[in-house]
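Please consider the model shown below, beginning with a pair of helices and then turning to a sheet.

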Amino acid sequence: MDSIKVVGGAELNGIIPISGAKNAALPLMIASLLTDETLTLSNVPRLRDVAQLTQILQNHGVDYSVNGKRNGQDELEGQTVHLTAREIVDTTAPYELVSKMRASFWVVGPLLARCREARVSLPGGCAIGTRPVDFFIDGLAALGADIEIEAGYVVVKAPNGLKGAQVVFPKVSVGATHTIMMAATLASGETEIVNAACEPEVVDLANCLKAMGAEIEGAGTPTIRIQGKPRLHGAHHAVVADRIETGTYAMAVAMTGGNVLLQGARGDLLESALHTLRQAGAEITEEANGLRVRRNGNGIQAVDITTEPFPGFPTDLQAQFMALMTKAEGRSCITETIFENRFMHVQELARLGAQIHIEGRSAFVDGVGTLRGAPVMATDLRASVSLVIAGLAAEGETSVSRVYHLDRGFERLEDKLTRCGAQIERISG
Ligand code: UD1
């Protein structure tokens with residue numbers, strides 16, 4: 001298993017190109033199941049989760065091709081992929097594939113809407129809490145599906161097609177919003193999603209579905225209305241910039257000091273996190289082609305945060321922010337409200353000398369002057385990158401094992417950081 005070796009102490013200076021968002025690319029690829037025409041997606045990041053989803057879609061009969069490198073094209077640009085689901089050959093998404101990535105469960109919506117049936121394994125994914133699928137099941141039932149759970153599979157049927165209805169989510173769920181929105185595009189009549197997720201990735205999916213002929217209003221607000229259509233068609237869509245990758249590198253610069261342009265980043269997609277980083281002492285300015293993050297000389301101040309659905313502070317940046325707070329002046333309180341088991345990085349950060357104690361859903365971080373490198377273990381996708389960031393600011397060498405978590409969601413992490421002066425390398429083995 002590969003590990004990543006970081007020798008801390010170097011400032012970050014230079015340019016980091018921001019990739020297309022993993023969390024947008026995945027539902028966008030799944031949307032290809034809704035039409036027999038080709039969906040072309042550009043700015044798709046090269047990630048393990050994307051490769052994994054490709055395998056799942058191919059199993060349903062989707063033809064997948066990637067553009068080769070064009071003359072003059074920067075090797076750092078995202079890839080352009082073509083997905084064509086001319087015929088759905090299999091409506092089962094098997095356990096062996098779905099268990100590796102929770103988002104693959106979302107195929108249930110498009111498969112049911114287009115083929116009137118689907119059999120999808122209950123999901124796996126990051127170990128950050130129980131992550132049930134009750135909102136999906138209740139939502140699809142509201143659209144008229146018959147649903148049974150059989151031997152670890154969700155079996156859904158709607159022999160006469162789905163019918164538009166009101167779907168009220170008890171709590172904001174990104175995945176359930178994506179899934180019901182996709183299913184409703186091919187239902188008859190109007191669907192209203194109440195308490196919908198407002199995340200930028202939902203807006204990106206809605207924009208793509210509209211380009212495919214769907215009629216959707218209100219994406220980005222808590223109420224989304226969809227007028228169902230008999231069919232959708234092909235389209236071309238560019239994946240939105242990754243706000244979590246943006247926030248992660250912004251926190252890395254805040255931690256090490258230096259001056260980095262996050263090229264292609266969109267500040268409007270993470271205002272809450274940027275506001276918090278400014279309070280902590282980072283200088284962040286919008287430029288024509290991205291966001292510039294600087295921290296020169298001054299220390300990091302402790303700031304309290306609570307994770308919330310968009311536009312609040314994202315749970316996917318909680319671990320990285322905690323890493324930053326380990327070196328802040330004073331005590332910060334970090335409260336996690338989205339997932340119940342998302343503090344697994346705490347004991348690993350403690351191995352580097354961080355002072356953190358957990359009380360219920362809050363972690364209290366007492367900033368220490370110095371972190372010291374140590375061997376640590378990645379436990380989930382975002383936790384693993386928090387260990388890399390901490391390693392960049394620690395004295396000596398940190399080695400992060402189980403980095404396959406990182407490869408799920410961060411494109412060319414070592415390469416991007418090395419180009420900015422970090423001492424970081426992948427050790428194969
Ligand atoms: C997505 C993101 C993930 C992010 C999360 C929250 C992708 C691929 N993943 O995950 O990176 O951390 O949003 O912003 O986009 N819930 C239920 N029942 C359900 C569905 C969800 O109780 O049927 C709960 C979950 O357990 C959790 C909360 O709702 O407590 C929010 O989860 P959700 O927004 O659904 O997360 P994902 O879509 O899986």
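Which residues in H6 meet which residues in H7? In this predicted model, Thr177, His178, Met181 and Met182 are the residues of H6 that take part, and their counterparts in H7 are Glu201, Val202, Leu205, Ala206 and Leu209. By class, the residues of this contact comprise six nonpolar, two polar and one charged.

The geometry of the pair may be considered next. Two packed helices are described by the angle between their axes and by the distance between those axes. Helix H6 spans residues 174-184 and helix H7 spans residues 200-211; their axes come within 10 Å and cross at roughly 15 degrees. Because angles under 35 degrees count as roughly parallel, H6 is roughly parallel to H7. The crossing of H6 and H7 is right-handed.

Strands of a sheet pair through backbone hydrogen bonds, in either a parallel or an antiparallel manner. Here, four strands form an open sheet in the order S6-S7-S9-S8, and the pairing is mixed. Strand S6 (92-93) and strand S8 (146-150) each have a single partner strand and stand at the edges, so one side of each lacks a neighbour in the sheet.

Within this sheet, strand S7 (residues 117-121) and strand S9 (residues 153-157) run antiparallel and are joined by five bridges. Val120 stands opposite Val154 in S9. Helix H4, formed by residues 108-115, packs on the sheet and touches both S7 and S9. The direction of H4 makes about 160 degrees with that of S7.

Terms used: Residues are numbered from 1 along each chain as its sequence is written. This is a predicted model: local features need pLDDT of at least 70, side-chain atom pairs count only at pLDDT 80 or more; totals for chains, interfaces and linings use all residues. Side-chain values use heavy atoms; hydrogens and water are left out. Axes are lines fitted to C-alpha atoms, for helices over the stretch in contact, and angles run from 0 to 180 degrees between N-to-C directions. Helices (H or I, at least four residues) and strands (E, at least two) are DSSP runs, numbered from the N terminus. Angles under 35 degrees count as roughly parallel, over 145 as roughly antiparallel, 65 to 115 as roughly perpendicular and the rest as oblique. A crossing is left-handed if the near helix is turned anticlockwise from the far one by less than a right angle, and right-handed if clockwise. Contact means heavy atoms within 4.5 Å. Ala, Val, Leu, Ile, Met, Phe, Trp, Tyr, Cys and Pro count as nonpolar, Asp, Glu, Lys and Arg as charged, and the others, Gly among them, as polar. Two strands pair if DSSP finds at least two bridges between them.
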